[in-house]
Amino acid sequence: MNPYSLLAFLQVQASNLPERKIANMFRPLASPGESEKQVALLTFAITGAIFVVVGGLIVYTIARFRSRPGDDLRQEPPQVYGSNQIEVAWTIIPILIVFVLIGVTARVVAGVQNASPPKTTTHVTVIGHQWWWEVQYPDYGITTANEVHIPFSLDGAQATYFMLQSMDVAHSFWVPQLSGKTDVIPNRDNYLWMNPKAAGYYYGNCAEYCGTQHANMQIRLVAEPPEDFKKWTLNQQTKANEASEAAQDKAVFLSLSCVNCHMVQGTTAIGKFGPDLTHLMSRREIGGGVIENNRKNLRAWVNDPQGIKPGCLMPSLKLTDRELDQVVAYLETLK
Ligand code: HEC
Ligand SMILES: [Cu+2]
């Protein structure tokens, strides 16, 4: 067992999906990531060889021609003014190397970009916001945040196509084990696809500095068996939980300004500025991965988001203890 799989084994949690916290791009688990790794290795090999040759020559020269006791320091060493052969060689060879690198890179980039979607494609629209990701499934009528669920299959036949958009500034969507990073630019649709060949809870992050909380604009990509993905979509498609015992708590939530920024499907909360909360409790983390999603953290978040994710675009609303309890009790029904 190699150390990596031992680590992956130790990280398996109750959810059964392997944790892929070490977002190692040299251990790709999808086709785009695999072909990009090949290019990276080739580039590494060529530039590594150049490094060894150049470094070796420098070391050799320093050792061979160092000054020795008894050298006549006033005497100039022999001066060489150009050699056509050498000049031609060190012009042509680097040009050839650069062309090889350009050719291989262009071929792989074009191959990844031009791959046509198989029939069983899932379409996902990801919209970058400072500092969280809105995730929409147009074919399913689902909107969620930060945690992207997609199906996987061992043979890579289950591909997901992402359309990437931004609400504000430039971001970049990157799940290193699955594909290269793609910029997320305002007023422009970019595309990206991936076909995970292993189930897992993959870690990714915004990869383009976008403001103070850039580092907490994390991506969680859940690649799960198609049956589980189907189950997930069915749950996400239902309206918010209407447990009657939560009616009072719900009324408190709906009376607060939360509704201006957050959506809870089937209620009067129809804000679009912040993450959709309809199935909040189905997500493992909140605040773009800044804290785990549990009662204690939810309460702390609603009480003072600025204390947890300073600068984030949810204000601290100064609720009373009682309001806090009720709001959190309501949020907890949103499974
Ligand atoms: C001015 C708009 C605004 C108001 C008002 C607001 N929020 Fe938020 N809320 C946000 C934004 C923006 C985020 C995302 C912050 C981030 O991750 O950077 C957020 C995040 C959250 C999250 C975490 C969601 C997730 O999946 O990460 C919860 C829970 C939440 N808000 C609950 C509330 C509650 C409850 C209220 C009312 C007491 C409220 N919010 C009021 C804008 C708002
Ligand atoms: Cu960012």
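The structure is a predicted model, in which local features need pLDDT of at least 70, side-chain atom pairs count only at pLDDT 80 or more, and totals for chains, interfaces and linings use all residues. Residues are numbered from 1 along each chain as its sequence is written, while chains are lettered from A and ligands numbered from 1 in the order in which they are written. The chain is divided into domain 1 (122-231) and domain 2 (244-331), with bounds that come from an automatic or database domain assignment.

**Domains and their contact**

- The C-alpha centres of domain 1 and domain 2 are 23 Å apart.
- Domain 1 gives 14 residues to the contact and domain 2 gives 14 residues; two residues are in contact if their C-beta atoms, placed from the backbone, lie within 7 Å.
- On the side of domain 1 that touches domain 2, strand S4 (142-145) and S11 each supply at least two residues, and the largest share, 3 residues, comes from S4.
- Helices (H or I, at least four residues) and strands (E, at least two) are DSSP runs, numbered from the N terminus.
- That side of domain 1 has 4 nonpolar, 8 polar and 2 charged residues. Here Ala, Val, Leu, Ile, Met, Phe, Trp, Tyr, Cys and Pro count as nonpolar, Asp, Glu, Lys and Arg as charged, and the others, Gly among them, as polar.

- Ligand 1 lies between domain 1 (122-231) and domain 2 (244-331), because both give residues to the shell around it.
- Of the 32 residues around ligand 1, those that come nearest are Cys258, Cys261, Gly274, Ile286 and Met314; a residue is near a molecule if its C-beta atom, placed from the backbone, lies within 6 Å of it.
- Helix H6 (258-261), helix H7 (295-303) and helix H9 (321-331) are the elements that give two or more residues to this shell.
- The shell comprises 22 nonpolar, 8 polar and 2 charged residues.

**Paired strands**

- Strand S2 (residues 122-129) pairs with strand S3 (residues 132-137) in the antiparallel sense over 5 bridges; strands pair if DSSP finds at least two bridges between them.
- A hairpin through 2 residues joins S2 to S3, and Val126 has Val135 in S3 as its bridge partner.
- S3 and S4 run antiparallel, joined by 4 bridges, and Gln136 has Thr143 in S4 as its bridge partner.
- The hairpin of S3 and S4 has 4 residues between the strands, and Gly141 in the turn has a positive phi of about 65°.

**Gln213**

- Gln213 is found in the loop between strand S10 (200-206) and strand S11 (218-224).
- Leaving aside neighbours within four places in sequence, Gln213 is in contact with Trp131, Lys309, Gly311 and Cys312.
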